[in-house]
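This briefing is meant to be read with the sequence and the 3D structure open alongside. Please keep both in view while going through the points.

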Amino acid sequence: MTFTGILQFFENNPGFLAGHAAGQLLLALVAVAIAMVISLPIGLVTGHMRRWSFIAINGGSLARALPTLAIIAIGIPLWGIGFLNITVGLVVLGIPPILTNTYVAVATTDERAVEAARGMGMRPTQILTRVELPAALPLIVAGIRTSSVFVIATAYMASFAGSNSTLGIIITNDGNYGMSGVMAATVVVVVMAFIVEGLLLACQRMLTPRGIRLLRETS
């Protein structure tokens, strides 16, 4: 394997790489979206109530400890092989950073702001949506950012679940594509992860209140 071989693989298979990169990105987006639907409500409610932190902290740590490949193997007798199997595995991988960050972000909202909102007669849902959520958004997006990078980098395992729509068909098949192909596909995965990371980092920065940004820059 040489650098020239990797470049040649890019030149000879641009459509093949692009198609499977798109498949991997789509799979990752679906998994992260489902993880958000599950994690955000739980994190927001438990964080607002400042209770049941074990659900967000311990539950997230437990899910993070489960190897994705093991989840795929366990899922084969339950829902077979293919898109559903790998999606479940990636959702489990994507939940912990979002859930933990959401809980911590809401639970650590300035108590003085919360008390002031209560004094103004705001209902609990109004306090959550108008006070706690806006302050928590940057850290919540940071959790989504971490989750997205994890999921994109792991989605190639779809090939182990019987799905050939991702770059895993190349990464796990060096016998057919050679190490040049494996490295070329890996480079594409890394680039996708960095691009998504950069986009979400920009979103996180935009959602961070200007006062907090200025404080960080001057400290």
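The model is predicted, and the largest nonpolar core in it holds 47 residues.

**The nonpolar core**

- Among the 47 residues of this core, those that touch the most other members are I86, L90, I140, V151, L167 and I170.
- At least two residues of the core come from each of α1 (3-12), α2 (14-49), α5 (83-107), α7, α8 and α9, and it is α5 that gives the most, with 11 residues.
- L167 touches L17, H20, A21 and Q24, and it also touches A185, V188, V189 and M192, when residues up to four places away in sequence are not counted.
- In soluble globular proteins, nonpolar side chains tend to be buried together.

**R145 in helix α7**

- R145 lies in helix α7, which spans residues 124-154, and counts as buried because its relative accessibility is 17%, with the cut-off for buried set at under 20%.
- Not counting residues up to four places away in sequence, R145 touches E197, L200, L201 and Q204.

**T172 in a loop**

- T172 is placed in the loop between α8 (168-171) and α9 (174-207), and its relative accessibility of 33% is why T172 counts as partly exposed.
- Leaving aside neighbours within four places in sequence, T172 is in contact with Y156, S159 and F160, and the side chains of T172 and S159 are joined by a polar contact of 3.1 Å.
- T172 and E115 are 57 residues apart along the chain, and their C-alpha atoms are separated by 55 Å.

Key:
Residues numbered from 1 in each chain as written. Predicted model: local features only at pLDDT ≥ 70, side-chain atom pairs only at ≥ 80, totals over all residues. Heavy atoms only, no water. Helix = DSSP H or I, 4+ residues; strand = E, 2+ residues; numbered from the N terminus. Buried < 20%, exposed > 50% of the residue type's maximum accessible area, 1.4 Å probe, protein only. Contact = heavy atoms within 4.5 Å. Polar contact = N/O pair within 3.5 Å; in protein donor to acceptor, adjacent residues only side chain to side chain. Core = buried A, V, L, I, M, F, W, Y, C linked by side-chain atoms within 4.5 Å.
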